[in-house]
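Visitor: I am new to this structure. Could you take me through one part of it closely?

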Amino acid sequence: MLLAAGFVLAGCANNKVNRAPVEDRGTSIGRPAPSPAPAGPVVSDVPVKPLPGVENAGKSGYYTVKPGDTLIRIGLDTGQNWRDIVRWNNIENPNLIEVGQVLRVTPPGVFAPSDSVAVARPVTQPSANPASSTTTQAASAPRSAASPPPVAAPAGEDEVAWIWPTNGALLAGFDEVKNKGLDIGGKAGDPIVASGDGRVVYAGAGLRGYGNLIILKHNNTFLTAYAHNQTLLVKEDQTVRKGQKIAEMGNSDADRVKLHFEIRRQGKPVDPAQYLPAR
């Protein structure tokens, strides 16, 4: 029996479990994990493409695109045909312009004086139009204190013999902040006529807040806008005559039937009441 017990003890000694060693990698509780090395700035090897025309930012005759701008609005605000702006800037997709992009808004080779520079009408050259000469002489005469100051006219401005675009009652007057033109009432379908000879530079509904809109360019100084129409009767690039029916009154993008009428001088809204004849 003693001999058998010895063999049993020897067998147990030879059957010990050989466990794999455990490597301590510093993840035990209480021992902080090493902080990762701070990553340096990520530098992209892809060059950032500059926005078109940025080298002309701030120059006279150029316009920097703002949020919400469209070429139609830029054309209205600068007194230009939006299609001309497309051509002058070689724009491939007129529906894709970028905020910060700088656009030429005067014809190439034409200097556009900034709004801060006062440009006087030349008086040394004789006028071929006697009526124009009379106007110039009258402007140089002293004015009474009660007379309103004249509207400054840039050199070469073409005068327009304006007429009212419709016969309805005046609903709202001009306000530089709240209303950039006149609101004139009437009935749906009432005729809207061109206030002066000109060319259609826009006819459509692509400008928010104006509904069915027509913009006429009368010369290098003046545009007129006719908004909220029910029906448009002219097309872009069409020449129209003063008094020609161009639309029918409506309430597109408006709370009531009315015509919103604007006169813009070099893109800036001016009070139409100062230009239209009294009635």
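Guide: Let us look at α2, which is mostly covered, with six of its eight residues buried (buried means under 20% relative accessible area with a 1.4 Å probe, protein chains only). Those buried residues are Leu-71, Ile-72, Ile-74, Gly-75, Leu-76 and Thr-78. Helices such as this are DSSP runs of H or I with at least four residues, and strands are E runs of at least two, numbered from the N terminus. After α2 comes Gly-79, with a positive phi near 75°.

A word on the source: this is a predicted model, where local features need pLDDT of at least 70, side-chain atom pairs count only at pLDDT 80 or more, and totals for chains, interfaces and linings use all residues. Residues are numbered from 1 along each chain as its sequence is written, and side-chain values use heavy atoms, leaving out hydrogens and water.

Now to the cavity beside this helix's residues. A cavity is a set of points on a 1 Å grid over the protein atoms alone where a 1.4 Å probe fits but cannot get out, and lining residues have an atom within 4 Å of a point. α2 gives the most to its lining, three residues, while α2 (71-78) and β6 (198-204) each supply at least two. Among the lining residues are Ile-72, Gly-75, Leu-76, Val-201 and Tyr-202.

Methods
1 Å grid on protein atoms, 1.4 Å probe; cavity = no way out; pocket = protein on both sides within 12 Å on 5 of 7 lines; lining within 4 Å. Buried < 20%, exposed > 50% of the residue type's maximum accessible area, 1.4 Å probe, protein only.
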